[in-house]
Amino acid sequence: VNDQGRSTSGSARRTLWETLTEALSYLRGWLTTFRFDRRALVSSHGPTRIVKKNGRIEVGDRTRLWPHVKLSVVGPVGGPPAELIIGHHSSIGDYTQIHSGRSVKIGNYVLVSWNVNILGAYYHGTGGEEEQPGDVIIEDHVWIGCGVIILKGVTIGRGSVIAAGAVVTASVPPYSLAAGNPARVIKETKSWNGR
Ligand SMILES: CC(C)(COP(=O)(O)OP(=O)(O)OC[C@H]1O[C@@H](n2cnc3c(N)ncnc32)[C@H](O)[C@@H]1OP(=O)(O)O)[C@@H](O)C(=O)NCCC(=O)NCCS
């Protein structure tokens, strides 16, 4: 028992368990990257659904994929491949879906919470016409709150925070807090990690 009244053997066991769990998540992540277009030191905490047709996916080192993330990258038949590029040290929360029909780029140190939908492709036109996918860019150090929906054509500037439940229909400048449906900039902010 140490001076904080905790069993040292218990905390050693916990540390070993945590280390093992972390190692397993990196093993699972590394195996997941065999379905991507670049091997990387990704950590994966549960199943990832991947739909890739005429598309390419790259995820950077130390990025975490939480359970039940869906990555769908579907380029036009006979056209240029769609892409999904996620940087390093980012995190994609549980049940988040990212759809790319052209280009979706997520930067480094980006925190995407759970149940977020990033829609670079809508799959249907409102009048029955063929839909034209668009680009989405999420710059470094952005924090996307839970339940946010981001539509095609949007750029979210470096260090911005998107409040929970927002529907982002237009670009957000750097270091801004945006909230609501449609999302509006409420104030200037610092990035979630102070960078
Ligand atoms: C963005 C957030 C962190 C608040 O940031 P903050 O800088 O502390 O902002 P404040 O609480 O001072 O709110 C500023 C204004 O935005 C409004 N606001 C805050 N969150 C909002 C939301 N999700 N939707 C709509 N408006 C919101 C507040 O009502 C306030 O409005 P007012 O000035 O008229 O009173 C918080 O609202 C949020 O979304 N939290 C959830 C984060 C999350 O999803 N975490 C999951 C783990 S990653």
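## Burial and overall architecture

Buried residues account for 42% of the 195 residues in the protein. The model is predicted. Its secondary structure comes to one helix and 19 strands. Along the principal axes, the C-alpha trace spans about 70 × 40 × 25 Å.

Serine 44 is an example from the buried set. Its relative accessible area is 1%, so serine 44 counts as buried. This serine belongs to strand 1, residues 43-44. A polar atom of the serine 44 side chain lies 3.0 Å from the backbone oxygen of glycine 46.

## The ligand shell

Which residues surround the ligand? They are Ser113, Trp114, Trp143, Gly145, Cys146, Ala163, Ala164, Leu177, Ala179, Ile186 and Lys187. By class, the shell holds eight nonpolar, two polar and one charged residues.

A backbone N or O atom of cysteine 146 lies 2.7 Å from a ligand oxygen. A polar backbone atom of alanine 164 is 2.8 Å from an oxygen atom of the ligand. Lysine 187 uses its side chain: an N or O atom there is 2.9 Å from an oxygen atom of the ligand. On its own, the ligand has 920 Å² of accessible area, and the protein covers 45% of that. Two elements give two or more residues to the shell: strand 18 (176-179) and strand 19 (184-188).

The loop between strand 18 and strand 19 contains proline 182. The peptide bond from asparagine 181 to proline 182 is cis. Its omega is near -5°. Most peptide bonds are trans.

Threonine 189 sits in the segment after strand 19. Its relative accessibility is 24%, so threonine 189 counts as partly exposed. The C-alpha atom of threonine 189 is 7.4 Å from that of valine 161. Along the chain, these two residues are 28 residues apart.

## Aromatic and cation-ring geometry

How many aromatic pairs does the structure hold? The structure holds one. Its members are tryptophan 30 and phenylalanine 34. The ring centres are 4.9 Å apart, with 90° between the planes. Planes over 60 degrees apart count as edge-to-face, and this pair is edge-to-face. Both partners are partly exposed: tryptophan 30 at 37% relative accessibility, phenylalanine 34 at 44%.

The charged end of arginine 39 sits over the phenylalanine 34 ring, 4.4 Å from its centre. Elsewhere, arginine 195 lies over the face of tyrosine 109. Here too the distance to the ring centre is 4.4 Å.

## Positive phi in two loops

Most residues other than glycine have a negative phi. Two residues here depart from that pattern. Histidine 89 has a positive phi, near 55°. The loop between strand 6 (82-86) and strand 7 (91-92) holds histidine 89. Is histidine 89 buried or partly exposed? Its relative accessible area is 36%, so histidine 89 is partly exposed.

Asparagine 115 is not a glycine either, and its phi is positive at about 55°. Where is asparagine 115 found? Its place is the loop between strand 10 (111-112) and strand 11 (117-119). With a relative accessible area of 41%, asparagine 115 is partly exposed.

Glycine 147 lies in the loop between strand 13 (143-144) and strand 14 (149-151). Its relative accessible area is 32%, so glycine 147 counts as partly exposed. The C-alpha atoms of glycine 147 and histidine 99 are separated by 15 Å. Along the chain, glycine 147 and histidine 99 are 48 residues apart.

Conventions. Residues are numbered from 1 along each chain as its sequence is written. This is a predicted model: local features need pLDDT of at least 70, side-chain atom pairs count only at pLDDT 80 or more; totals for chains, interfaces and linings use all residues. Side-chain values use heavy atoms; hydrogens and water are left out. A residue is near a molecule or strand if one of its heavy atoms lies within 4 Å of it. A polar contact is a pair of N or O atoms within 3.5 Å; within protein, one must be able to donate a hydrogen and the other to accept it, and residues adjacent in sequence count only if both atoms are side-chain atoms. Accessible areas come from the Shrake-Rupley method with a 1.4 Å probe; for residues, only the protein chains shown count as cover. Helices (H or I, at least four residues) and strands (E, at least two) are DSSP runs, numbered from the N terminus. Ala, Val, Leu, Ile, Met, Phe, Trp, Tyr, Cys and Pro count as nonpolar, Asp, Glu, Lys and Arg as charged, and the others, Gly among them, as polar. Rings of Phe, Tyr and Trp (its six-membered ring) pair if their centres lie within 6.5 Å; planes under 30 degrees apart count as stacked, over 60 as edge-to-face and the rest as tilted. Buried means under 20% relative accessible area, exposed over 50%, partly exposed in between (1.4 Å probe, protein chains only). A charge sits over a ring if NZ of Lys or CZ of Arg is within 6 Å of the ring centre and within 35 degrees of the ring normal.
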